[in-house]
Amino acid sequence: MSMRRTTIKDVAEAARVGVATVSRVLSGGSASPETRERVLTVAAQLDYRPSALGRNLRQQRSGGIGLLLPDITDTFYGRLADGVLACARSAGEPVILGATGDDEEREGELIGMLVEQGVDRVIAVPSGEGEIWAPTLRAGLTTVFAHRSAGGRD
């Protein structure tokens with residue numbers, strides 16, 4: 001037997017309402033109490049989970065966080081990555097991790113990839129200077145730079 005993911009159309013059919021009504025109820029919009037209860041009950045029975053891919057296609061964003069570090073084997077950067085991943089997990093956000101090797105050219109390639117992937121935010125320990133980060137600014141990405149001071153080495 002082939003298992004397939006429950007769609008919003010499946011919920012709409014089972015609840016005897018339109019797809020727009022299901023969408024409105026699930027996003028907290030207006031509906032009669034009876035309709036709201038029926039849609040939520042059917043969605044729970046069918047174990048409906050909204051498609052992040054569909055939502056992201058509509059928003060033209062994949063969401064999530066890009067994390068660029070010079071060296072993921074370094075204890076400090078490993079701890080930084082672990083903290084970002086833990087916070088992202090608790091928020092239900094995906095993380096794309098890239099290692100730049102402290103190479104500006106590689107960093108530029110990874111920046112381009114993150115912009116293409118449509119992440120919403122970038123956290124980075126930058127290797128390059130100013131202009132290399134212009135694509136994130138043009139794309140409207142929230143970008144946070146982190147670093148450790150010379151005295152902070154493990």
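**View 1. Arg 16 in the loop between α1 and α2 of the predicted model.** Arg 16 lies in the loop between helices α1 and α2, where helices (H or I, at least four residues) and strands (E, at least two) are DSSP runs numbered from the N terminus. Although Arg 16 is not a glycine, its phi is positive, at about 60 degrees. Its relative accessibility is 64%, and Arg 16 therefore counts as exposed, given that buried means under 20% relative accessible area, exposed over 50% and partly exposed in between (1.4 Å probe, protein chains only). This is a predicted model, in which local features need pLDDT of at least 70 and side-chain atom pairs count only at pLDDT 80 or more, while totals for chains, interfaces and linings use all residues. Residues are numbered from 1 along each chain as its sequence is written, and side-chain values use heavy atoms, with hydrogens and water left out.

View 2. The axes of α1 and α2 come within 8 Å and cross at roughly 105 degrees, the axes being lines fitted to C-alpha atoms, for helices over the stretch in contact, and the angles running from 0 to 180 degrees between N-to-C directions. The two helices, α1 and α2, are therefore roughly perpendicular to each other, on a scale where angles under 35 degrees count as roughly parallel, over 145 as roughly antiparallel, 65 to 115 as roughly perpendicular and the rest as oblique. On the α1 side the contact is made by Ile 8, Lys 9, Val 11 and Ala 12, and on the α2 side by Val 19, Val 22 and Ser 23. By class, the residues of this contact of α1 with α2 divide into 5 nonpolar, 1 polar and 1 charged (Ala, Val, Leu, Ile, Met, Phe, Trp, Tyr, Cys and Pro count as nonpolar, Asp, Glu, Lys and Arg as charged, and the others, Gly among them, as polar).

**View 3. The packing of α2 against α3.** Helix α2 (residues 19-26) packs with helix α3 (residues 33-45) at an angle of about 90 degrees, and their axes are 10 Å apart. From α2 the contact draws on Thr 21, Val 22, Val 25 and Leu 26, and from α3 on Thr 35, Arg 36, Val 39, Leu 40 and Ala 43. This contact of α2 with α3 has 6 nonpolar, 2 polar and 1 charged residues.

**View 4. Asp 47 in the loop between α3 and α4.** Asp 47 lies in the loop that runs between α3 and α4 (52-59). Asp 47 is not a glycine, yet has a positive phi of about 55 degrees. With a relative accessible area of 46%, Asp 47 is partly exposed.

**View 5. Tyr 77 in helix α5.** Tyr 77 lies in helix α5 (residues 75-91) and, at 11% relative accessibility, counts as buried. Leaving aside neighbours within four places in sequence, Tyr 77 is in contact with Leu 69, Pro 70, Asp 71, Val 125 and Arg 148. Tyr 77 and Arg 148 are 71 residues apart along the chain, and their C-alpha atoms are separated by 9.4 Å.

**View 6. Ser 127 in the loop between β3 and α7.** Ser 127 is found in the loop between β3 (121-124) and α7 (134-138), and is buried, with a relative accessible area of 17%. Not counting residues up to four places away in sequence, Ser 127 touches Thr 100, Asp 102, Asp 103, Glu 104 and Glu 107.

Technical notes: Contact means heavy atoms within 4.5 Å.
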